Amino acid sequence: MDIPPQITTAHLLLRGLIPSFLGCGIGDSDECSANAPVRASAFQMTFRKDMKALGVENGGLSGKLSWNLGKKYGTEAIANILPKDDSPDPTSIQEQIDQFWNGIEKAVNEFLLNAEKTMKVYQYSSEDEALRALGAVVMDAGQIASREKRLKKLEKEGNDTRGSAEEPVCVGHILNGDGSTYSLALLHSNNLVPLSKLGSVRILRGKNDSTVVCNKKKCEVTVKFCVIPPAEEQHYLVEGVHGPVDLSGIELQKCMEKKIREEEGLSYQLYMERLAMEAMNMESTSPEAAVAAEPSSATMAEADHNDDMVVTAFEVSGNIDYSKLIEKFGSKPLTPYLLRRLENVTVKRGTVDKLHRFLRREIFFSHRDIEKICELLEGWYGITPPPEDGDMEVESNCSLSSSDMPTTPCPFYLYTGRGPSSSAMHLGHLVPFLFTAWLQKAFRCPLVIQMTDDEKFLFKGVYSGENAGDGEENGAVGKDDEDPNRTGDNLNHFAYLTIENAKDIIACDFIKEKTFLFSDLDYVGRMYPNIVRIWKAVTVNQVNGIFGFDSSSNIGKIAFPAVQAAPSFGSSFPNVLGGGKANAATLACLIPCAIDQDPYFRLTRDIAHKLVPRHHPLQGKPSLIHSKFFPPLQGAQGKMSSSDANSAIFLTDTPEDIERKIKVHAFSGGQETKKLQEDLGANLEVDVSYQWLRFFLEDDEELERIGKEYGSGKGEFWSTGKVKAKLVEVLKELVKEHQERRREVSEEVVKEWMTERSIL
């Protein structure tokens, strides 16, 4: 059966698009062998008569592509974003698969609307001529296998294999707007239709249709698709150009690599973040984790149309202008004088040797009411603030003697948290906890850490009647070790994730005696009076306006922001922060967070005076200190996301994983050639390895030297490879130490940290 040009066009399009989501290249080798790197499998065209539900009245044409991604979860193909078949939560697996197909379908149809994409057809007199011109990179696995079989048959028969396939062939070529290659492939038929005339593409997801298999034995992705023709029948074809064609400007071995699909890859990542936020599955890099939010025009979106900067609670992308964010959010910059005041109440007191590198390097750069926190500490120590025009140098005193220590508890506490949506945390999650641990030591103050397992269930929880118990001991439905009275939801799954995430948090080296780690599911009763007060003070319109809720949202979503706000008030912890000389109701609160989380605490600050006595030092308003975003490996814009395993270093990664990800995926600001690098140096602002060293390399002098040498192209660290090697060294040690500390944290240890007790 002849393959229609519409199906061939969709095949070419999907062959270039899907690997960007899988995180692997296809056909990225010139080796003509079935054992070459990952390729699309043999194309299969089928005819279906059940397409009416998809909008095709008289039957429709569908195609199929498959990818074999290797053994054991596809680790060889780096297919880490795929859900694993043996996950303990089958409902969650199906949701992830659905999101995967939704993202592909949305991206492919957005691609068809993109007028900047162009398509060409190159005609060759034979397959051999095409291979001589372009190499085996243009062939899929099925074509290669067919060719090998044909050549072996000819050899066996004693025939000359040269000129073995004299039939004319065509190569399809889709180009991005900048002329770079999106997809290049030997076609299964000789005609294509213009992308603008294709219509739309549906991913078929019925029984025996598109599938994802990812387990210990193998990793495969199969997509069946249907082309829905446009409303008016079209008869356009792409005009072919006779070969040989000069394609010397194309890097054939790289034409299928992920980096040339960054546009669609970014589109998918943003789409996944929106889906994740709707399901409250966003992995926030802020210390208080994610607050309930769904995308809508009413959310606090800050977008600059000139530089494509987007900063909202559910999306961070583009070239971030932090000065502009301060102006738009109405916060204040951390000035050199404020840093001197912080030094005066920390370094000068002997609690720490120097300010944290995040402060020294302006990674934490903005604030609300930090000057009032300094005033509280100055009053606590009985000292005066340093002069504004004084020397910037602050020398550390030796540790204070017991007679110098204040006799009253610290006048404020720290508040941070995490939404436990996955068992593996990445470096982006670690950053705020590292800084909070330093703040705790520097201020000698108590800390509360909220685990919002309730929030994750409200936004991500699922129910299945098949999972419910049958009410009988050892009944047919349940297993021996399962509760026969269990419900069919997965609330307990998020309680389990709380314990797993708590182990990583405890491993960040907080002071146990001054830290209370709590689960909302366990502790919410203590906070309930304040939660009720917040409900009373905030209208539904306010919540909907900030978080984008509507009448379709469950009531738990609308109610949850009050649970997130309650820990901002010391009276929510009467036993933890009260007793003795302390009055929990008058303690101030300091929240370290990424700046995209600021809108949520603006709401809290607006109604804070209604929850505290009149003599509260900040009228109940929590103070905030804002960080910049921790960039993903693929580019120093936006922030890291867990949706792409190759954009992050996870705390469970092996040394080999770390080295591979940095060397392969870390975006370089270096020049294309050695000569250009030596003449011009690297662009440090976009170089991910250098930017990550700013976060994790403690030695200021060494960082300055690396920046100077890399930026000039001269010295020991003149090249990208040298800088990446240094980063690998730093990260291996960091992750190793964290993993060693985590191994010491048992569930019994977690229970101790989560026991309600005084931490003053």
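**Helix packing and loops**

Modeller: The crossing of H11 and H12 is right-handed, a crossing being right-handed if the near helix is turned clockwise from the far one by less than a right angle, and left-handed if anticlockwise. Helices (H or I, at least four residues) and strands (E, at least two) are DSSP runs, numbered from the N terminus. This is a predicted model, in which local features need pLDDT of at least 70 and side-chain atom pairs count only at pLDDT 80 or more, while totals for chains, interfaces and linings use all residues. Residues are numbered from 1 along each chain as its sequence is written, and side-chain values use heavy atoms, with hydrogens and water left out.

Biologist: Which residues of H11 and H12 make the contact?

Modeller: From H11 they are Asp453, Lys456, Phe457 and Lys460, and from H12 they are Leu491, Phe494, Ala495 and Thr498, where contact means heavy atoms within 4.5 Å.

Biologist: And at what angle do H11 and H12 pack?

Modeller: Helix H11 (residues 453-460) and helix H12 (residues 491-506) pack at about 140 degrees, with their axes 9 Å apart. Axes are lines fitted to C-alpha atoms, for helices over the stretch in contact, and angles run from 0 to 180 degrees between N-to-C directions. H11 and H12 are therefore oblique to each other, since angles under 35 degrees count as roughly parallel, over 145 as roughly antiparallel, 65 to 115 as roughly perpendicular and the rest as oblique.

Biologist: Switching to H4, which of its residues are buried?

Modeller: They are Gly142, Gln143, Ile144, Arg147, Leu151 and Leu154, with buried meaning under 20% relative accessible area, exposed over 50% and partly exposed in between (1.4 Å probe, protein chains only).

Biologist: What covers the buried residues of H4?

Modeller: The cover includes helix H3 (127-134) and strand E5 (181-186). Just after H4, Gly158 takes a positive phi of about 80 degrees.

Biologist: Where does Arg444 lie, and is Arg444 buried or exposed?

Modeller: Arg444 sits in the loop between helix H10 (427-443) and strand E16 (447-451), and it counts as buried at 18% relative accessibility. Its phi is near 55 degrees, a positive value in a residue other than glycine. Most residues other than glycine have a negative phi.

Biologist: What about Gln619, what is its phi?

Modeller: Gln619 has a positive phi of about 55 degrees although it is not a glycine, and it is found in the loop between helix H16 (598-607) and strand E19 (623-627). With a relative accessible area of 40%, Gln619 is partly exposed.
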